[in-house]
Amino acid sequence: MASTTSGDVLPSGSRIFMSVPDIFFIPELVFGGLVWILVASTRVDPVNPLGWVMFVSVFCFVVTTLWFFIFLCGGNQSSIWPSLDVFYHFLAVVFFLSASVELAFITIQLGLVETLLSIQLKIYRLDIAAVVMSHVATLLYFLHAIFSAIRWRKS
């Protein structure tokens with residue numbers, strides 16, 4: 001006889017690779033890590049806005065990695081986890097969106113310099129790649145947040 005309470009709301013183990021919101025873990029780690037690597041490989045100037053971009057990319061990379069391993073090991077079976085999943089991913093969306101906008105603004109300002117030396121051109125191209133990866137990571141976190149919210153509402 002089926003129970004009316006759903007104790008197995010979130011997938012665990014290898015089932016996270018087959019569920020729709022949780023399949024975004026790996027691409028989030030890849031694109032978030034690429035933002036971290038690309039920004040870290042340039043000269044962090046100006047310090048304050050790019051410091052925020054570095055914080056966001058490192059914070060989201062570390063927390064998403066922990067989140068992934070918690071889901072993989074099955075530590076997510078309490079009833080609070082679906083709402084925590086939604087909250088974290090919406091927080092990551094807000095963080096990454098703000099970091100993406102700041103990074104794009106800094107890159108545009110760098111591109112307005114009329115004569116780019118070869119080292120500045122390399123930094124400019126790395127920043128462009130970081131902006132693209134940052135926006136892709138924002139989209140992935142947004143999709144994960146939306147699908148997690150749908151799963152949370154169904155639970």
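**Close-up 1. Asp22, Asp85 and Arg151 are linked in a network of salt bridges.** This is a predicted model. The count of salt bridges comes to 2. In one of them, the side chains of Arg151 and Asp22 meet at 2.8 Å, N to O. That pair links distant parts of the chain.

Close-up 2. Are Arg151 and Asp22 buried or exposed? Both Arg151 and Asp22 are buried. For Arg151, the relative accessible area is 13%. Asp85 is buried because its relative accessibility is 1%, and the cut-off for buried is under 20%.

**Close-up 3. Phe24 lies in the segment before H1.** Its relative accessible area is 15%, so Phe24 counts as buried. Which residues does Phe24 touch, leaving aside those up to four places away in sequence? They are Leu140, Leu143, His144 and Phe147. Phe24 and Ile80 are 56 residues apart in sequence. In space, their C-alpha atoms are 21 Å apart.

**Close-up 4. Helix H1 covers residues 25-40.** The helix has 16 residues. From first C-alpha to last, H1 reaches 22 Å, close to the 22 Å expected at 1.5 Å a residue. Which residues of H1 are buried? They are Phe25, Glu28, Leu29, Gly32, Gly33, Val35, Leu38 and Val39. An α-helix has 3.6 residues a turn, so residues three or four places apart point the same way.

**Close-up 5. A nonpolar patch forms on the surface.** Its members are Val20, Phe90, Leu139, Phe142, Ile146, Phe147 and Ile150. Together they have about 560 Å² of accessible area. Which helix gives the most to the nonpolar patch? Helix H4 (residues 118-154) does, with 5 residues. Phe142 is found in helix H4. Phe142 counts as partly exposed because its relative accessibility is 37%. Phe147, a member of the patch, is also one of the residues that Phe24 touches.

**Close-up 6. Cys60 is buried, and Cys73 is exposed.** Relative accessibility is 0% for Cys60. For Cys73 the value is 67%. How many disulfides does a search of the whole structure find? The search finds 0. A disulfide is a covalent bond between the sulfur atoms of two cysteines.

**Close-up 7. Asn48 is placed in helix H2.** This helix covers residues 47-73. With 66% relative accessibility, Asn48 counts as exposed. Asp85, by contrast, counts as buried. Asn48 and Asp85 are 37 residues apart along the chain. Their C-alpha atoms are separated by 29 Å.

Definitions and conventions. Residues numbered from 1 in each chain as written. Predicted model: local features only at pLDDT ≥ 70, side-chain atom pairs only at ≥ 80, totals over all residues. Heavy atoms only, no water. Helix = DSSP H or I, 4+ residues; strand = E, 2+ residues; numbered from the N terminus. Expected span 1.5 Å × (residues − 1). Buried < 20%, exposed > 50% of the residue type's maximum accessible area, 1.4 Å probe, protein only. Contact = heavy atoms within 4.5 Å. Patch = residues over 30% accessible without salt bridge, like charges linked within 9 Å, V, L, I, M, F, W, Y side chains within 5 Å. Areas by Shrake-Rupley, 256 points an atom, 1.4 Å probe, with all protein chains shown as cover. Salt bridge = Lys/Arg side-chain N within 4 Å of Asp/Glu carboxyl O. Disulfide = S-S within 2.5 Å.
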